[in-house]
Amino acid sequence: MTDYSKKRFLVVDDQAQARDALRTVAQQLGAFAVEFASNYQDAIFRIRNNMPDVILCDYVLGDGRSGQQLLEELRRFNLLPDETIFMMVTGEQSYEQVVSAVELIPDDYIIKPFSPDKLLFRLERIVAKKLFFADYYKEKRKQEYANALAILEAARDSEAGRPYRFEILRQRAEVFLASGDVKSAEAAYRSILENYEFPWARAGVARSLQKQNRLQEAREEIDRVVASTPHFFDAGDLKASICMAQGEHAEAQQILDEIAKKTPRNYVRKRLLAEAATLNGDTETALAAMADVIANDTMPGAISAEDRLATARSHINAGDKITAEKVLLGIRDSELQQMPLMEQASFAALLAVSSVERGKIRFAGLRPAMLVTEFNSTTRLDILRAALSLDDHQLADLQSGQLMASPDAKKVFGAARTLYALHGREKDFREIQRQVALLRIKHDEEVAPDSPPAA
Amino acid sequence: MHKLLDILASGIHDAKNQLFVAESIIAAAEAAHGIPMGEARYAIESAANRLSRTLTAYHLMRHDAAAAVTPTIVGDVCDEVMLAQKKHLAERGVELNIDCQVFDEWPLDRDLVTDMLNNAVQNAGRFADKAVQVSATTDDGWLCLRVDDDGPGFATLPPAVGTGLMVAERLARLHHRHERQGGLRLSNQGALGGARFELRLP
């Protein structure tokens with residue numbers, strides 16, 4: 001049996017009496033060091049500064065926060081090593097429904113009331129499982145995906161792996177997805193579904209299809225998940241991002257609006273909502289969402305330069321160039337220098353749009369890089385907008401050509417067309433579209449003259 | 001629309017939190033003074049389970065109950081039933097044994113199935129002479145979880161159905177896999193000569 005007297009416990013609960021009760025139970029296992037966190041922020045602070053071995057976290061944390069959100073945030077900032085035990089404690093039976101659906105789950109959960117014996121039993125099972133997967137965790141952390149997969153394959157066929165066969169399949173699919181082998185990820189998730197219709201596995205299929213740019217199929221899969229498990233909010237996020245890729249921005253915004261109301265303090269989701277609202281032309285919602293993010297996402301390092309760029313972009317969309325300029329100039333020089341090229345390009349473009357005088361030299365300085373570098377669609381749209389307003393047709397047309405030829409074409413089509421229209425160049429935009437389409441046909445003919453047309 | 005449900009759920013949630021506080025204090029006192037209080041803790045946990053089952057029954061009658069299916073280690077479920085019931089049955093002179101022949105994970109609603117088995121073991125314990133057995137096997141793609149006792153068996157078959165059996169029957173049917181649906185079988189052909197409660201899950 002594990003020696004719990006040497007393990008550091010952290011009890012997270014907003015109710016003092018419940019914290020005491022959890023500590024008492026932990027002490028019956030021999031636990032000596034039991035720390036308390038009374039709220040979400042406090043929990044993150046303690047976990048960052050002194051990683052506990054065992055986290056006992058209540059599902060209801062008050063203040064619009066849940067233990068599930070804490071778990072997601074810890075994973076988002078890579079603050080939770082695989083070796084740490086995260087046990088959700090709940091009096092709510094409804095948490096079972098969450099665990100059975102979502103992709104991101106704790107090591108286990110336990111329903112109150114429970115005896116010290118039962119907690120001990122559950123913890124020992126987790127320890128055994130973590131021991132079984134220990135070598136795999138190491139390779140995964142080093143991003144040695146081939147090694148990680150080899151360990152899982154061996155585990156799958158072993159006698160000792162029998163109690164974990166679903167977990168092995170699930171980890172295998174996640175490794176394929178993380179390593180970018182999206183076709184294998186899709187096959188791995190489908191093989192899980194042959195066993196049982198788990199919502200998280202169906203969502204994994206949708207995620208893998210989206211990454212293959214098979215959007216319509218991805219949409220059909222995720223629609224099934226959202227319809228059967230409406231409390232699986234991440235599936236809603238995934239559906240919204242697929243909708244955006246399909247150019248259905250109003251639907252994306254509507255989905256995110258609804259879930260964001262139920263999870264008011266999930267700021268990753270708020271950012272996604274801002275993106276959908278921006279694409280949907282609802283600048284007011286985008287601005288409100290980003291203002292909420294910047295004011296309330298209090299995790300250190302959570303507010304990125306990208307967030308401020310998104311805010312400035314929304315102000316420009318709202319026609320308020322002065323505030324946009326203020327937001328951009330609020331980014332410190334040191335921060336600017338550390339930005340990757342893509343964000344620097346967005347910064348230069350947005351500044352050139354909000355204040356030609358202040359921005360055009362920096363924009364001109366980055367122009368050669370803008371002509372040859374692969375950027376994401378958001379940055380390309382920023383450059384496109386600045387180039388149009390500076391009458392730099394060559395740069396603008398290059399960006400829109402690249403955008404229309406990219407998998408994000410549907411996502412940004414409306415925005416790009418609107419920008420061209422603003423400058424009276426709709427005809428030119430249509431011509432660019434036509435050229436891209438012709439090129440694609442020619443390319444398809446050259447690549448596969450005998451193969452049937454792609455679906 | 002869900003107001004009544006919300007009130008019920010939140011009341012049960014609060015009650016279970018309070019019961020947890022009580023159980024933790026008893027556990028601490030037990031350890032500090034060496035007084036066995038297992039039966040007091042057993043009563044607390046039974047009360048909490050009863051509350052949960054009431055809420056589940058309410059969901060079932062509204063037809064909005066759903067199984068929360070996760071891959072589950074069957075042996076762990078059996079061991080937890082053992083942990084929860086063994087001492088209590090021993091107080092009555094009844095021995096509880098486990099025979100688990102299923103070594104792979106099985107997709108099932110762990111908490112509901114554990115509760116059904118706990119309830120079945122409690123019932124069996126009331127009628128058993130000396131022994132109750134929980135066993136797990138597979139049969140043509142079905143997981144069979146059985147609770148057998150050496151008592152007189154059910155007086156009538158099918159027996160008069162109380163809340164526990166009604167809930168068990170309906171919860172078993174919430175387990176779907178491909179075209180198959182779970183079910184409950186009650187008989188007097190138990191391995192120990194008495195009643196048999198058998199849960200069959202796809």
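Two strands count as paired if DSSP finds at least two bridges between them. With that in hand, hello everyone, and let's look at the sheet in chain A. Helices and strands here are DSSP runs (H or I of at least four residues for helices, E of at least two for strands), numbered from the N terminus.

A quick word on the ground rules. This is a predicted model, so local features need pLDDT of at least 70 and side-chain atom pairs count only at pLDDT 80 or more, while totals for chains, interfaces and linings use all residues. Residues are numbered from 1 along each chain as its sequence is written, and chains are lettered from A and ligands numbered from 1 in the order in which they are written.

Now to the sheet. Strand β3 (residues 54-58) of chain A runs parallel to strand β6 (residues 85-90) of chain A, and five bridges connect them. Within that pair, Ile55(A) sits opposite Phe86(A) in β6(A).

Elsewhere in chain A, β1 (residues 8-12) and β2 (residues 33-37) are also parallel, again with five bridges. There, Val11(A) is opposite Phe36(A) in β2(A). Between β1(A) and β2(A) the chain passes through helix α1 (residues 16-28) of chain A, in a right-handed β-α-β crossover. Right-handed means that, with the strands pointing away from the viewer, the path from the first strand over the helix to the second runs clockwise.

Put together, the open sheet has five strands with parallel pairing, in the order β2-β1-β3-β6-β7 of chain A.

Let's move on to domains, whose bounds come from an automatic or database domain assignment. Chain A is assigned domain 1 (4-132) and domain 2 (145-256 + 320-444). Their C-alpha centres are 34 Å apart. Seven residues of domain 1 and nine of domain 2 make up the contact in chain A, where contact means C-beta atoms, placed from the backbone, within 7 Å. On the domain 1 side, α4 (94-101) and α5 (116-132) of chain A each supply at least two residues, and α4(A) gives the most, with three.

Last stop, the other chain. How many residues of chain B are in contact with chain A? The count is 33, against 29 residues of chain A. On the chain B side, α1(B) provides the largest share, eleven residues.

Methods
Two residues are in contact if their C-beta atoms, placed from the backbone, lie within 7 Å.
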